Amino acid sequence: MGSARSEAQLREDIVELGRRLWARGFVASNDGNISVRLDADRVLTTPTSVSKGFMTPDMMVVTDLAGRKISGERSASSELKMHLAVYELRPDAKAVVHAHPPLATGFAVAGIALDKAVLAEVICTLGSIPIADYATPSTAELPAAVARYIKAHDGLLLANHGALTVGSDLYNAYYKMETVEHFAQISLVARTLGGERVLSRDEVHRLQGLRSMYGIAAPAPICTDATETAGGGETCQVVQSPVTDGSRLVADAGLAGARTSPAGEAEIRLTYRQLAALIEDAVRTVGSGGSDG
């Protein structure tokens, strides 16, 4: 992309994508950062301490791949180290977007990866979206946490922090951030409505075959069993999907199991008013010394 678009055009692109992130509520205040490779030795990145919704092209900073500033009046993003780790480990990655989309970040805070076989489009493109371990922002811990997964994934959740996406150009990386948040929204709605129906393992393998048919670039193949990975997902994209008897869709066993006791007994559901009445009655009984001696 560096040869296809001039530096001036890339600066304009970053401004536009920063505005989109801010307008969609993916960032607040001065959150988030965006970068793009200019060439083999230089990176163009957003500045620190500026709202991504109100940037101008002249604010951008050019650094080398070690993070040393080459040009620009402002300081580079404090989280540039994370971007540089991506460029080091993923020579194919040309752009990086980091943001705090609320629903995806909610999953990251809850410690829930977006790795279930729920949406065919996500399986074909991102595969799965794991959670990188928590690391203090702006420190060397964060690049190290990202490094574990970035070789196999174009989208990550950052535990108690946000999300990260990489792409073949700026817009490609940004659209993946939209996909991550959209996936989180749909997953949350499905769970609120009683649980997801998950695609079968055979269907996931069938969808993976469509990647090559449609020329979808992916950094790693999909794997449907954690034992297929080498150390937790670094070499393939782990997608949770059940083995079935031919059915393409099945109720998520994990969520369905939460509705019964270990003995298989049906749960009892109470309204808030019913629960409050039971508590009030119990307090009254204890206060009176009980009805029986």
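**Basis.** I worked from a predicted model, in which local features need pLDDT of at least 70 and side-chain atom pairs count only at pLDDT 80 or more, while totals for chains, interfaces and linings use all residues. Residues are numbered from 1 along each chain as its sequence is written, and side-chain values use heavy atoms, with hydrogens and water left out.

**Helix α1.** I took helices (H or I, at least four residues) and strands (E, at least two) as DSSP runs numbered from the N terminus. Just after α1, I noted glycine 25 with a positive phi of about 80 degrees.

**Strands.** Pairing requires at least two DSSP bridges between two strands. I found β1 and β2 antiparallel, joined by three bridges, and forming a hairpin with four residues between them; valine 36 stands opposite leucine 44 in β2. Four bridges pair β2 with β3, also antiparallel, and here arginine 42 stands opposite aspartate 64 in β3.

**Proline 47.** I located proline 47 in the loop between β2 and β3, where I recorded it as buried, with a relative accessible area of 1%. Beyond its neighbours within four places in sequence, its contacts (heavy atoms within 4.5 Å) include Met55, Met59, Val61 and Arg74.

Key. Buried < 20%, exposed > 50% of the residue type's maximum accessible area, 1.4 Å probe, protein only.
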